[in-house]
Amino acid sequence: MTEYKSKEQKKKFYNSKSWKELRLLALDRDNRECQECKRQGKFNHGQNVHHIKEIYFYPELALDLDNLETVCINCHNIEHKRTFAHINPNKSTKKIWQDERW
Ligand SMILES: [Zn+2]
Ligand SMILES: [Zn+2]
């Protein structure tokens, strides 16, 4: 099965046509609105498309529209800190997911 653990694997994925098309579908579906802010009753434009289940752990969900949601940069940071905090509590996690911004 395809894995997305190394930098190269992720780079290839985030540069792929399938991902670029799918993230646009997700943005349109969510009206480019941050879904996390929405849950909190706030409104924010979202420009990042986040994997609800990290492709690092769930590579089979990488191209599953149901596993994607539009988020703002702020919420995206919070989401990823939450997910990776238990793996690497002392390490900056920024590099792991910054590809998702594009
Ligand atoms: Zn937000
Ligand atoms: Zn994300």
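Predicted model: local features only at pLDDT ≥ 70, side-chain atom pairs only at ≥ 80, totals over all residues.
Strands β1 and β2 (residues 68-71) are partners: they pair in the antiparallel sense, over 4 bridges.

Look at β1, which covers residues 48-51. Asn48 has Val71 of β2 as its bridge partner. Is β1 covered on one face or on both? Both faces are covered. Asn48 and His50 are buried on one side, while Val49 and His51 are buried on the other.

Now step back to the whole protein chain. It has 5 helices and 2 strands, and from the N terminus on the elements run α-α-α-β-β-α-α. The chain has 102 residues, of which 40% count as buried. If you take the contacts between residues at least 6 apart in sequence, 64% of them join residues at least 24 apart.

Next, find the zinc ion (ligand 1). Which residues are its protein donors? They are Cys34, Cys37, Cys72 and Cys75, each through its SG atom, at 2.2 to 2.3 Å from the zinc ion. Along the chain, these donors follow the spacing C-x2-C-x34-C-x2-C. Cys37 belongs to helix α3 (residues 35-39) and Cys72 to the loop between β2 and α4, so this pair ties together parts that are 35 residues apart in sequence. Cys37 and Cys72 are both buried.

Why is the arrangement around the zinc ion (ligand 1) called tetrahedral? The 4 donor atoms subtend angles of 105 to 117°, and four donors count as tetrahedral if all angles lie between 85 and 135 degrees.

**A buried glutamate**

Helix α4 (residues 73-84) includes Glu79. Is Glu79 buried or exposed? Glu79 has a relative accessible area of 12%, and buried means under 20%, so Glu79 is buried. Apart from neighbours within four places in sequence, Glu79 is in contact with Glu36 and His50.

How many aromatic pairs does the structure hold? There are 5 aromatic pairs. Here are two of them:

| Pair | Distance between ring centres | Angle between planes | Kind |
|---|---|---|---|
| Phe13 and Trp19 | 5.3 Å | 40° | tilted |
| Tyr56 and Phe57 | 5.0 Å | 75° | edge-to-face |

**Lysines over rings**

Tyr56 has one more feature to show you: Lys5 lies over its face, at 5.1 Å from the ring centre. You can look for a second example at Tyr58. There, the charged end of Lys53 sits over the ring, 5.5 Å from its centre.

Conventions: Residues numbered from 1 in each chain as written. Chains lettered and ligands numbered in written order. Heavy atoms only, no water. Buried < 20%, exposed > 50% of the residue type's maximum accessible area, 1.4 Å probe, protein only. Pairing = 2+ DSSP bridges. Contact = heavy atoms within 4.5 Å. Donors = N, O, S within 2.8 Å, 3.2 Å for Na, K, Ca; no water. Tetrahedral: all angles 85-135°; square planar, octahedral: opposite > 155°, others 65-115°. Phe/Tyr/Trp six-rings, centres within 6.5 Å; stacked < 30°, edge-to-face > 60°. Lys NZ or Arg CZ within 6 Å of the ring centre and 35° of its normal.
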